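Hello,

Here is the structure I promised to pass on. Please have a look at it first; my notes follow below.

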Amino acid sequence: MACPYLNANDDPTTAHFTAKRERARSLPSVPSTIDDDDKTPAAQLHSTDEKQVDDDNEGKAKQKYTDCYYHDYLRLDQVLNANHPRSTEYVGSATHDEHLFITIHQAYELWFKQVLYELDSCITSIGSDVLDDRELLDVVSRLQRVNLILKLLVEQFSILDTMTPMNFLDFRKFLKPASGFQSVQFRLLENKLGLQSTQRMRYNQQDYTNVLHEEHGARIKQQQHGRDSLFDVIQKWLERFPYLLSHDWQFWTQYKAAVNEYILEEKELYMNHADLDGDMDEERRAAIQQECDATYAAQVQTFAVIFDEQKYEQLRRNGKVRLSYTALQSALMINLYREEPMLQMPFRVLELSMGVDNMLTQWRNAHALMVHRMLGSKMGTGGSSGFHYLRTAATHHKVFTDFFNLSTYMIPKSNLPQLPNSMRFFMNFPNSSTSSNGKQKAKDCFVRRADRVRFMQDIPPFPTIATAKSLSPHTFQRQIQEMKAGKATQDELQ
């Protein structure tokens, strides 16, 4: 199961089960015997349901089903008649490769439309107040689909590469000032992912919407205001991550201690490898010691950036990082403990988000190389610097850089803090057990289920940082003691 990240005031362990109970209570009971005087027969219930459906549909026009025909269903008349080479208008006959050029770009636009459709679905799901397990599976599936579509778009350049520079020049003069930069859907795609306006390179020293028709520029500006991007909703989702803090677990504190241990081990390993006690003159020994101290200090400084919240927030204000401090901690924990069953799907969301960035970077690089091959250092038809603009955009127009940078703060599994048993209860599948004895497995499972029920009834066992700060130490400790003193009954387990 994946973790449904809830609002800060919600209990992540109870919401799902409470909803289940409420749905069950709302279902009508069907009598086992037919009594015309006292009870409604099942057949009458069924008839009543059908009447309700008819009443709901009353006044709505009913469309009689007709056979579907492949050609009509796909609107192929419109699709296949959309290729109109401009060379026909100016030289009397179409240059051969212009047909391919148009087909490739129309295919790109169709796939962009599908990518936008998938991203809208993911943004809606992740941006909801409660992300259900089933929806998280859909999000992963659709992000994976987006990755595969973008991979296909990269591979399409190999087809375009069959066109020679001379063949391209035969019709390029008829395309000015049109440019791929005017692809409205690609700009919408970048915005939906979360590309910031401050990140965008200036196009001919002007805002990128200025090269679009007025209605297209208005469409993009409307999307930019008041609508969350994929980055935005993922960040908010991470801020609701419920496993950073509990009554016996503080991820950030224990991670800091583990990092310190890891850095010291690295220093000791390097010193041992250098064999300072061997046959070595004092000058060489001092140089190695100095180098080792510098490496240690550099590692300390690297981690100090994220361990000091004020420094981190200053970097965020300066645009060096984007993730909020809480979202950073959550993303890091998900990556470090990604093998835990409850974190496997969240890890896939982060991984596939980076995959989208990766595939778009490959697409931009492939585009730049193709333009370089076709035009050399010529200016683009839209007036840009051509190859140089595209190559620079490939490195600047990234969205999920913070997720890539998490690798900087990874430490080996052997240094990871061990999760407490209470945490593992909630991060494992309900029936999982490490015991090799069958009876012990059942007993362990019973105990875990009892603990879960008790946790559900007494306190939110995994509050967010904001929730934990709102609890007074006295109240928090009292709730913990009550939880430990309680015992789940057989009735509670049902």
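**Fold and contacts**

In this chain, 77% of the contacts with a separation of 6 or more are between residues 24 or more positions apart, a contact being heavy atoms within 4.5 Å. Please bear in mind that this is a predicted model, where local features need pLDDT of at least 70, side-chain atom pairs count only at pLDDT 80 or more, and totals for chains, interfaces and linings use all residues. Residues are numbered from 1 along each chain as its sequence is written, and side-chain values use heavy atoms, with hydrogens and water left out.

The chain has 24 helices and 2 strands; these are DSSP runs (helices H or I, at least four residues; strands E, at least two), numbered from the N terminus.

On confidence, pLDDT is the predictor's own score for each residue, from 0 to 100. The chain's mean is 78, with 70% of its residues at 70 or more. Helix α16 (residues 325-336) has the highest confidence at 97, and helix α24 (residues 490-493) the lowest, at a mean of 37. Residues 1-21 have pLDDT below 50, and beyond near neighbours in sequence this stretch has 54 contacts in the model. Where pLDDT is low, the predicted coordinates should not be read in detail.

Cys122 counts as buried because its relative accessibility is 1%, whereas Cys68 counts as exposed because its value is 56%. With a disulfide taken as a pair of cysteine sulfur atoms within 2.5 Å, the count is 0.

Best wishes

Methods:
Buried means under 20% relative accessible area, exposed over 50%, partly exposed in between (1.4 Å probe, protein chains only).
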